[in-house]
Amino acid sequence: MRKDVRILLVGEPKVGKTSLIMSLVTEEFPDVVPYRAEEITIPADVTPERVPTHIVDYSEAEQTDEQLYQEITKANVICIVYAVNNKNSIEKVTSHWIPLINERTDKDSRIPLILVGNKSDLVEHSSMETILPIMNKYTEIETCVECSAKNLKNISELFYYAQKAVLHPTGPLYCPDLKEMKPACLRALTRIFKVSDLDNDGILNDNELNFFQRTCFNTPLAPQALEDVKNVVRKNLNDGVCDNGLTLKGFLFLHTLFIQRGRHETTWTVLRRFGYDDDLELHQDYLFPPLKIPPDCTTELNHNAYLFLQSIFDKHDKDRDCALSPEELKDLFEVFPYMPWGADVHNTVCTNDQGWITYQGYLSQWTLTTYLDVQRCLEYLGYLGYSIIAEQESQAASMTVTRDKKIDLQKKQTQRNVFRCNVFGAIGSGKSGFLQAFLGRNLMRQRTISEEHKSYYAISTAYVYGQEKYLLLHEVFPDFDFLSDAEMSCDVVCLLYDSSNPFSFEYCANVFKQYFMDSKTPCMLVASKTDLPEVKQLYAQTPLEFCRRHKMPPPQSYTCNTAAAPNRDIFIKLTTMAMYPHMTQADLKSSTFWLKASVGATVFVVLGFAMYRAMLRSR
């Protein structure tokens with residue numbers, strides 16, 4: 001909502017503009033009326049909407065046309081005052097004032113107008129018969145008020161309606177000619193309905209309606225009031241109520257009714273609670289709440305955020321197969337203004353045999369977005385209504401900002417759950433295959449991936465000592481002359497070479513010596529394509545000698561050309577190195593160390609899978 005309201009009074013001389021302002025302020029008719037009242041500010045605590053209100057007078061005798069134009073530009077709402085006993089002042093409303101104001105304002109964002117018929121104490125008849133055709137012709141006119149500055153009739157109401165025209169305008173919501181809501185309003189309310197429909201059955205049941213009522217108006221509806229609302233809908237719509245719950249049609253009908261009956265503030269309260277601004281766009285402050293991230297810190301979703309995302313998955317996984325079909329995924333993202341996930345996501349996270357994103361893959365993609373682009377993740381959570389459904393101040397409450405990596409190294413332990421591994425290797429060394437193997441795809445399955453849908457990231461979980469962690473693999477483009485900060489910044493480095501290509505290892509050795517030899521980032525050398533005949537690497541040292549000289553673990557063999565899903569042990573090792581960068585060379589060489597990590601992971605996977613199946617049955 002606006003932080004203040006600026007009301008401008010214009011009209012012909014002697015119609016009582018200044019008297020209206022002075023009667024409002026002093027609560028009595030002034031004996032002496034100046035040409036023009038000074039600008040006054042009514043404090044927020046004495047206005048109905050709790051918003052400071054500035055009231056500005058205009059005097060043709062004291063101000064130039066240029067000053068008038070400036071005031072029109074600054075105003076949020078303009079009251080055109082006429083005297084009900086002066087036909088000329090009424091005619092000037094359409095012949096002079098409305099055209100003048102429209103010339104000075106943008107056609108797409110007209111300033112709301114209030115027609116004010118002053119001096120009603122001097123006549124016994126109403127001017128409404130003359131004014132109604134004017135109101136019908138000009139949609140920017142919000143309302144008309146007849147009042148009297150002399151006997152204080154409707155003075156407070158006049159300024160209340162002016163304030164309301166700014167804070168709760170009709171224009172963005174409703175088209176009076178068609179007698180229906182405008183498309184932007186329909187889109188916004190449809191999103192609100194879908195966010196509030198917690199079980200995604202297309203109906204707001206009593207619990208959902210009460211949650212919605214509490215969220216927007218801080219009070220639940222009494223059972224009888226709830227029935228009365230549904231009865232109003234039943235009388236007017238055949239399909240507005242279904243299974244004793246409110247359908248989308250019923251929900252939209254209620255808001256149309258509110259607007260038609262002049263209760264715009266009800267609809268605006270709902271819209272603003274769900275993040276919408278005066279143009280019915282989601283407000284930037286709502287989508288991007290402030291979040292401080294110090295250098296060398298990363299961002300992760302916290303426990304409550306994962307619970308929320310799990311509930312969103314459950315809400316849309318209608319067939320309960322623990323995967324989102326294309327239709328289910330489309331339904332999930334209907335509350336977004338665009339489709340946020342492209343085809344490459346299916347090659348970034350785990351999918352089922354049909355290529356649908358699994359439950360694990362779904363959470364992995366959210367984890368990836370949080371790590372790489374936290375602002376985008378905040379935006380996405382805003383579209384889903386996180387702050388409303390989770391009853392938090394903003395999406396920022398969903399984030400954990402990890403501590404500086406230097407502190408982790410000093411304390412020799414980390415609280416982080418997401419670790420980044422940058423994968424380096426010459427062209428043709430098998431980097432893309434390595435990433436896809438992490439997602440459980442062997443070489444045969446990888447061949448079905450089209451080049452245009454290729455992803456340079458892969459993320460999934462790995463288990464180390466019984467702890468579930470996310471490992472994020474990033475394939476670095478082999479441009480040896482330049483590495484960006486992002487390509488240098490990671491928790492572990494994987495140097496991949498093709499064991500069947502004699503020139504492949506040299507690239508890894510050069511990258512290590514130029515960029516990582518003096519860094520504290522642990523590095524692992526991986527010999528890929530070990531299903532093919534191994535050849536001698538044309539380099540001064542063998543890969544094993546190179547590792548010994550630079551105190552790295554020995555080269556690890558790997559292939560994704562397997563009948564079943566490729567072996568995952570190497571990814572557990574990479575995750576372990578990322579979690580414990582302070583490990584000594586002796587630890588890394590110890591088979592007992594790796595065995596403990598792997599056994600712990602296997603036990604945890606089995607237990608975790610059993611627990612998940614049990615949870616699924618309870619759903």
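Start by selecting helix 1 (residues 17-26) and helix 5 (residues 155-167): their axes come within 9 Å and cross at roughly 105°. The two helices are therefore roughly perpendicular to each other. This is a predicted model.

Show the side chains where they meet. Leu-20, Ile-21 and Leu-24 of helix 1 touch Ile-155, Ser-156, Leu-158 and Phe-159 of helix 5. By class, this contact has 6 nonpolar residues, 1 polar and no charged ones.

Next, colour by pLDDT. The chain has a mean of 91, and 94% of its residues reach 70 or more. Now select residues 600-615, where pLDDT stays under 50 and the model has 11 contacts beyond four places in sequence. Where pLDDT is low, the predicted coordinates should not be read in detail.

Turn to the salt bridges, of which the structure holds 20. Select Glu-334 and Lys-194, whose closest N and O atoms are 3.1 Å apart. Glu-334 sits in the loop between helix 13 and strand 14, Lys-194 in helix 6, and the two are 140 residues apart. Glu-334 is partly exposed at 42% relative accessible area, and Lys-194 is partly exposed at 27%.

Move to Asp-239 and Lys-249, a salt bridge of 3.0 Å from N to O. Asp-239 is in the loop between helix 8 and strand 10 and Lys-249 is in helix 9, so the pair ties together parts 10 residues apart in sequence.

Then pick Glu-475 and Lys-454, bridged at 3.8 Å. Glu-475 lies in strand 18 and Lys-454 in the loop between helix 19 and strand 17. Glu-475 is buried at 7% relative accessible area, whereas Lys-454 is partly exposed at 26%.

Technical notes. Residues are numbered from 1 along each chain as its sequence is written. This is a predicted model: local features need pLDDT of at least 70, side-chain atom pairs count only at pLDDT 80 or more; totals for chains, interfaces and linings use all residues. Side-chain values use heavy atoms; hydrogens and water are left out. Axes are lines fitted to C-alpha atoms, for helices over the stretch in contact, and angles run from 0 to 180 degrees between N-to-C directions. Helices (H or I, at least four residues) and strands (E, at least two) are DSSP runs, numbered from the N terminus. Angles under 35 degrees count as roughly parallel, over 145 as roughly antiparallel, 65 to 115 as roughly perpendicular and the rest as oblique. Contact means heavy atoms within 4.5 Å. Ala, Val, Leu, Ile, Met, Phe, Trp, Tyr, Cys and Pro count as nonpolar, Asp, Glu, Lys and Arg as charged, and the others, Gly among them, as polar. pLDDT is the predictor's confidence in each residue, from 0 to 100. A salt bridge is a side-chain nitrogen of Lys or Arg within 4 Å of a carboxyl oxygen of Asp or Glu. Buried means under 20% relative accessible area, exposed over 50%, partly exposed in between (1.4 Å probe, protein chains only).
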